[in-house]
Every structure is written in structure tokens, then in C-alpha cells.
Amino acid sequence: MSGPYVVRVAEESADREACFAVRKEVFVAEQGVPEDIEYDAYDAGAVHVLAVAADGTPLGTGRLLHGEAAAAKNGGDPAVGSLGRLAVTRRARGLGVGAALVRAIEEAARDRGLTAVDLHAQTHALGFYERLGYEAYGPEFPDAGMPHRAMRRVLQRRPRTAG
């Protein structure tokens, strides 16, 4: 897989379906996450982002929970978003798609006035998130049968423009 890709908020139903298809490919088929726990009630109110190749092939996805949904996952702080379900297809790994998705989710968090983003990282992915400015906290814990750690990144405010 080569060529450019774009990352966008998945607002159309076809984009959301593509997000769910990527998650099924990566989490359910590759990692063995049971399908009945991969999709949850949070999906309905989440901001989903989608990376697509120039030919329209879905390459990756992630979601942002905000408000009460995020507070339920981050210890009760409504100013902190929750990044989750970040998945990149096997053919798109190593192209920067994951980092682009994280940055798009952070931008969506800023748009909603959030001050930080939390996530639960599979322990093998800690280095990836650390390179993007996330810091691990708390003990390791199991999620979907895999070891995870909580991580957080405080978001920098956008520079104010004169005008």
C-alpha cells in the first residue's frame, strides 16, 4: 500500500461503517477481541475519525469520547476526553496513519474545549503513544484479555490569531 491518505471525521454513515469494518479487521479478526465487546453503547455519541487512501480504501480509525461518556472512563473529569479504538490495517502500518489519527482526535478534543486526552494503551503500544506526548500512569490492567496502561496527554491551547 502506498500513496497519500486523508484523515477526516466520519460524519457520513458510509464512513462510520468503514470505521467499524477496520475495527473488526484489526481487533476482532487479528487480535481475537470478542465482537460483542468491541462495539459498545459509547459508539453512538463518539466522534469517529477515519483514514482513507486516495482510492477510498479505509486504512485506520479511532474515536473520541467526550462529556459524560469520557468522564465514565477517565475518573470523572469532564474536561478530559477519552481516545479509544485506535486501529490501523496491517497494510497501512508504518505510514504514519496511527499518528495522524491521534492528532485528528486531539484536534476534535480541542474543538470541544477539552484540556487533555486519556487513553488505555495496549502495553506493546506504550512507546508509540509516548512518542506522541502521552504519559503512562497507574498500574497495568487487563482489557479484552490484553495488558493495558492508562495514559494522558495535556493538550496545548491553540495560538490565538490577531484579528
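## Y129 and its contacts

Not counting residues up to four places away in sequence, Y129 touches L83, L86, V102, L119, A121, Y134 and M151, where a contact means heavy atoms within 4.5 Å. Y129 is found in helix α5; helices (H or I, at least four residues) and strands (E, at least two) are DSSP runs, numbered from the N terminus. Y129 is buried, at a relative accessible area of 8%. Buried here means under 20% relative accessible area, exposed means over 50%, and partly exposed is in between (1.4 Å probe, protein chains only). From Y129 to G113 it's 16 residues in sequence but 22 Å in space, C-alpha to C-alpha.

All of this comes from a predicted model: local features need pLDDT of at least 70, side-chain atom pairs count only at pLDDT 80 or more, and totals for chains, interfaces and linings use all residues. Residues are numbered from 1 along each chain as its sequence is written, and side-chain values use heavy atoms, with hydrogens and water left out.

## The nonpolar cores

Which residues touch the most other members of the largest nonpolar core? They are L83, Y129 and Y134, in a core of 27 residues. A nonpolar core is a set of buried Ala, Val, Leu, Ile, Met, Phe, Trp, Tyr and Cys residues joined through side-chain atoms within 4.5 Å. Two or more residues each come from β2 (47–53), β3 (58–65), β4 (80–88), α4 (97–111), β5 (116–122) and α5 (126–131). Helix α4 gives the largest share, 6 residues. Apart from this core lies another, of 6 residues, including F27, V33, A87 and M146.

Now for Y134: leaving aside its neighbours within four places in sequence, Y134 is in contact with L83, V102, E106, V117, L119, Y129, M151, R152 and R153.

## Fold and overall shape

The protein chain has 5 helices and 7 strands, and from the N terminus on its elements run β-α-α-β-β-α-β-α-β-α-β-β. Its radius of gyration is 15 Å, close to the 15 Å the globule rule gives for 163 residues, so the chain is as compact as a globular protein of that length. That radius is taken over C-alpha atoms, and the rule is 2.2 Å times the number of residues to the power 0.38. Along the principal axes, the C-alpha atoms fill a box of roughly 45 × 40 × 30 Å.

Of the 163 residues, 41% count as buried. Among contacts between residues at least 6 apart in sequence, 63% join residues at least 24 apart.

## Surface and charge

The accessible surface is about 8600 Å² (Shrake-Rupley method, 1.4 Å probe), and 52% of that surface belongs to carbon and sulfur atoms. There are 20 positive and 22 negative side chains, and the centres of the two sets lie 5 Å apart. Lys and Arg count as positive and Asp and Glu as negative, while His and the chain ends are not counted. Each charge is placed at NZ of Lys, CZ of Arg, CG of Asp or CD of Glu.

## Backbone and loop details

Most residues other than glycine have a negative phi. R85, in strand β4, has a positive phi near 55°. A144 also isn't a glycine, and its phi is positive at about 50°. A144 sits in the loop between β6 (135–143) and β7 (146–154) and is partly exposed, with a relative accessible area of 32%.

T57 lies in the loop between β2 and β3 and is partly exposed at 24% relative accessibility. Leaving out residues up to four places away in sequence, T57 touches A51, V52 and R91. The C-alpha atoms of T57 and Y5 are separated by 9.1 Å, with the two residues 52 apart along the chain.
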